[in-house]
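Student: I would like to learn how to read a structure like this one. Where do we begin?

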Amino acid sequence: MNKNFKSIFKEIKNLLYLGANNRKHPFHTPIFSNISNNMTAESRIVVLRKFDEEKLILNFHTDFRSPKILDLKKNNQSSFLFYDPSIKIQLRIKTLSSINNQNQITKQSWDLTQLSSRKCYLTKKPPSSKTNVLEDGLPKHLQGIDPTKDESEIGYNNFAVIQNKIESIDWLYLNYSGHERLNISCKKSTPVFSWVIP
């Protein structure tokens with residue numbers, strides 16, 4: 001094997017940075033999973049909004065009224081799944097999630113959020129609410145258009161930033177001549193690397 005621990009770890013951090021900053025990158029929309037209140041696994045695609053390389057934190061945005069908020073309050077163990085078919089690299093990342101709502105972290109992110117994205121937080125009913133008719137929950141006057149900046153500010157109360165501290169990374173490279181797999185424990189200040197059978 002011509003790869004070493006440090007070069008792989010550097011590559012992982014570069015991929016996560018690209019995922020957070022390039023909308024067309026495969027890592028921009030990972031699968032996020034957590035344990036629900038009834039102890040079942042819940043998964044959904046999220047948008048990777050930020051990656052803090054030093055603190056090893058992954059951020060995404062969500063509606064504070066979403067059921068996953070209560071779930072994460074009860075059990076903050078979570079995970080991300082990334083895959084890029086062009087380079088055949090999969091990342092399974094275990095994280096601990098923390099919720100931010102109406103604080104400095106959310107204010108900074110909200111100020112950078114476009115009107116088209118702010119619109120998502122203007123629904124009258126919480127996400128996952130049952131409805132008698134097919135609808136998106138938005139006020140009728142906003143159908144097909146973005147809100148004004150003033151209109152969008154109402155959504156700030158529903159806006160949340162989920163920060164996910166990386167606990168471990170499972171890196172898998174699929175290769176016809178031999179798959180390669182590495183586990184990285186990030187619980188201590190210095191990462192611990194271990195080769196694993198794919």
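This is a predicted model: local features need pLDDT of at least 70, side-chain atom pairs count only at pLDDT 80 or more; totals for chains, interfaces and linings use all residues.

Student: Is Ile 31 buried, exposed or partly exposed?

Tutor: Buried means under 20% relative accessible area and exposed means over 50%, with partly exposed in between. Ile 31 has 33% relative accessibility, so it counts as partly exposed. Together with Ile 45 and Leu 81, Ile 31 forms a nonpolar patch on the surface, and the three share about 250 Å² of accessible area.

Student: What about nonpolar side chains in the interior?

Tutor: In soluble globular proteins, nonpolar side chains tend to be buried together. Here, 39% of the 198 residues in the protein chain count as buried. The largest nonpolar core has 29 residues, and those touching the most other members include Leu 16, Leu 58, Phe 82 and Ile 93.

Student: Which element gives the most to this core?

Tutor: Helix α1 does, with six residues. Among the other elements that give two or more residues are β4 (57–63), β5 (77–84), β6 (89–101) and β7 (159–173). Another core, of five residues, lies apart from this one, and Tyr 121, Tyr 156, Phe 159 and Val 161 are among its members.

Student: Which residues does Ile 93 touch, not counting those up to four places away in sequence?

Tutor: Its contacts include Leu 16, Leu 58, Phe 80, Phe 82, Ile 166 and Ile 169, and also the serines Ser 78, Ser 79 and Ser 168. For the chain as a whole, among contacts with a separation of 6 or more, 62% join residues 24 or more positions apart.

Student: How should I read a pair of aromatic rings?

Tutor: A pair of aromatic rings is described by the distance of the centres and the angle of the planes. The count in this model comes to 13 aromatic pairs. One of them is Phe 80 with Phe 82, at 6.0 Å centre to centre and 15 degrees between the planes, which makes the pair stacked.

Student: Are Phe 80 and Phe 82 buried or exposed?

Tutor: Phe 80 has a relative accessible area of 2%, so it is buried. Phe 82 is buried because its relative accessibility is 1%.

Methods. Residues are numbered from 1 along each chain as its sequence is written. Side-chain values use heavy atoms; hydrogens and water are left out. Patches are made of residues with over 30% relative accessible area and no salt bridge: like charges are joined within 9 Å, nonpolar side chains (Val, Leu, Ile, Met, Phe, Trp, Tyr) within 5 Å. Accessible areas come from the Shrake-Rupley method with a 1.4 Å probe; for residues, only the protein chains shown count as cover. A salt bridge is a side-chain nitrogen of Lys or Arg within 4 Å of a carboxyl oxygen of Asp or Glu. Buried means under 20% relative accessible area, exposed over 50%, partly exposed in between (1.4 Å probe, protein chains only). A nonpolar core is a set of buried Ala, Val, Leu, Ile, Met, Phe, Trp, Tyr and Cys residues joined through side-chain atoms within 4.5 Å. Helices (H or I, at least four residues) and strands (E, at least two) are DSSP runs, numbered from the N terminus. Contact means heavy atoms within 4.5 Å. Rings of Phe, Tyr and Trp (its six-membered ring) pair if their centres lie within 6.5 Å; planes under 30 degrees apart count as stacked, over 60 as edge-to-face and the rest as tilted.
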